Amino acid sequence: MAPVLSRSLASPSLVFLPLTNPNKAVNPRSSFVPRNGLNKTFSCTGLRWKLEKRNNRTAVWCEASAVAEKEAEETSGEKFEYQAEVSRLMDLIVHSLYSHKEVFLRELVSNASDALDKLRFLSVTEPSLLGDAGELEIRIKPDPDNGTITITDTGIGMTKEELIDCLGTIAQSGTSKFLKALKENKDLGADNGLIGQFGVGFYSSFLVAEKVVVSTKSPRSEKQYVWEAVADSSSYVIREETDPEKLLHRGTQITLYLRSDDKYEFSDPSRIQNLVKNYSQFVSFPIYTWQEKSRTVEVEEEEKPKEGEEEKPEGERKKKTTKTEKYWDWELANETKPIWMRNPKEVEKDEYHEFYKKTFNEFLDPLQYTHFTTEGEVEFRSVLYIPGMGPLNNEEVINPKTKNIRLYVKRVFISDDFDGELFPRYLSFVKGVVDSDDLPLNVSREILQESRIVLYLIEPIDEVAIQNLQTYKEKKFVDISKEDLELGDEDEVKKRETKQEYNLLCDWIKLQLGEKVAKVQISKRLSSSPCVLVSGKFGWSANMERLMKAQALGDTESLEFMRGRRILEINPDNPIIRDLNAACKNAPESSDAKRAVDLLYDTALISSGFSPDSPAELGNKIYEMMAMALGGRWGRSEEDEVPEALEVSAAETDTSANEGSETQVIEASEVRTESDPWQD
């Protein structure tokens, strides 16, 4: 018979089972022992059991507290946090985001530039941060012998806490946090020169490095710390720097221990120099690279006498000669300045030509250039050139892969491969640079993201050109001033409910306006305005109608035919439309409501770009509505009579509205006096 066990929530229960033969297993068919025999722990009958051998006896523990926990779990449930495998996540970031290994240098230089920008900004209010640590600069030293690259900046540096926060947290951008802090402090403003925003650029160093060591000293900390991590590892080490020879005055030093297959390429000084010139040529801080140079030096050599000649005295035997000597020194890699950031009025013609030759390796001056700035939802600056020599063959004229337009974001090179996206193919020979601060990029900053950006066509020829062009790369142009505009973001349920609620109002407004409009419908394009007047799908827009009216030999009949039908779209969220909705239900015969509809149509006519049929009649309606709105508001005495002219004007308006006749407008050129000598 099995022993009786007592349960207590305070402590686990214990019972001893005697073993007649310590080497013989306990009968697996015991009443509470599981059929697979005794293990160290097992569960049976909903309880958790623990076994332990003591002096030829088996101790069985019943963990009653676990039972209580399980009962609590069944009632409320236990919360767990998602856990990410850091090494796997790092592998995805490093090997999936970037298409070219060489961009690691661009990312690290951009981080160094941000650190310098932060220091420069903060030093305005805290000059002590600068100290005597030297100029704001970046130095890159490749070491082919040891297979390392060292990137040093004299920027703001990091404290131990910032090391953990910025480098120990994947996708944590210190620059992004800094910009957020600036925006919250409106007195300081924000510095758009800061580049980083995603917090993954630092990890691109593992594209080419098997180990990364970061040594950093913040002017706000007395200690210097070292962050060290190995590729494909889920942990890192932070320690205090104690070697006096490795102490920094201020800033950050990153040392990359290159992989064996990347050691020879990226430890080559000339390769590093070219990468800096390609990606970071226009970073606002000086970038120095460690380069091998040569110089001519004068040396004295002892001249040996020729055969048969007498040996010269010691002072006359020395001969001065020159030889080439090689040495290593720092060289400025980004000496060319971004002239597109300057005011075009301040840049000389020779500067444009010099920039063109250095940037595109040309020897001829350009035929022409243009320097402009575009502002809007996306702002950018650009300098474009027409080369001094035309393409050598027809293929180069329409070749989309010329890479003649270089795109920069905050002066950092992004790409020059756009397959005709920035320029049409027939202009592929044009060379230049485009720089923007707010173009949408993907995380690796190599590809432009798709975005909805409203393109304003304001020239008279634009509408004619777009109507004939119709599509671009299978994307159809849509005129937002015409009917049936589909934005693709409507809530279908809300759309049906709104249409059902305002159907009666649409019919009522159509009844009031008659043939002035083809129909009245709910608008999908309005956010604040009460209504808008749009053209039919195949009719002229307001702009085209205005252009055709201005033609000297315009045909009136074709004008009436092509102007097509007009559609009034109303905004159900506007208070005016809501008031009219109540009026059509509660007082559909109200003269005030009908006058409001007429005025609403005339106002929509003007705001949508159309010309009113009768400006004088529109003016009278506005005066009438003003009289209704302002009458007696400031305590006008009731005995004051309405001016006779206003009464006559209102009466004329009512009469013309009822009879459907239009007020005749006499142009100034048609007014003649009795003494007009040109009168027939």
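**Salt bridges and cores**

Arg295 and Glu325 form a salt bridge, their closest N and O atoms being 2.9 Å apart; the term denotes a side-chain nitrogen of Lys or Arg within 4 Å of a carboxyl oxygen of Asp or Glu. Because Arg295 belongs to strand 11 (residues 287-302) and Glu325 to strand 12 (residues 318-332), the pair ties together parts that are 30 residues apart in sequence. Strands are DSSP runs of E with at least two residues, and helices are runs of H or I with at least four, numbered from the N terminus. Arg295 is partly exposed, at 40% relative accessible area, and Glu325 is partly exposed at 29%. Here buried means under 20%, exposed over 50% and partly exposed in between, with a 1.4 Å probe and protein chains only.

The model is predicted: local features need pLDDT of at least 70 and side-chain atom pairs pLDDT 80 or more, whereas totals for chains, interfaces and linings use all residues. Residues are numbered from 1 along each chain as its sequence is written, and side-chain values use heavy atoms, without hydrogens and water.

Within helix 3, Arg120 and Asp117 lie three residues apart, about one turn of the helix. Their salt bridge has its closest N and O atoms 2.5 Å apart. Asp117 is buried, at 2%, whereas Arg120 is partly exposed, at 39%.

The largest nonpolar core has 61 residues; such a core joins buried Ala, Val, Leu, Ile, Met, Phe, Trp, Tyr and Cys residues through side-chain atoms within 4.5 Å. Helix 3 (residues 103-122) gives the largest share, 11 residues.
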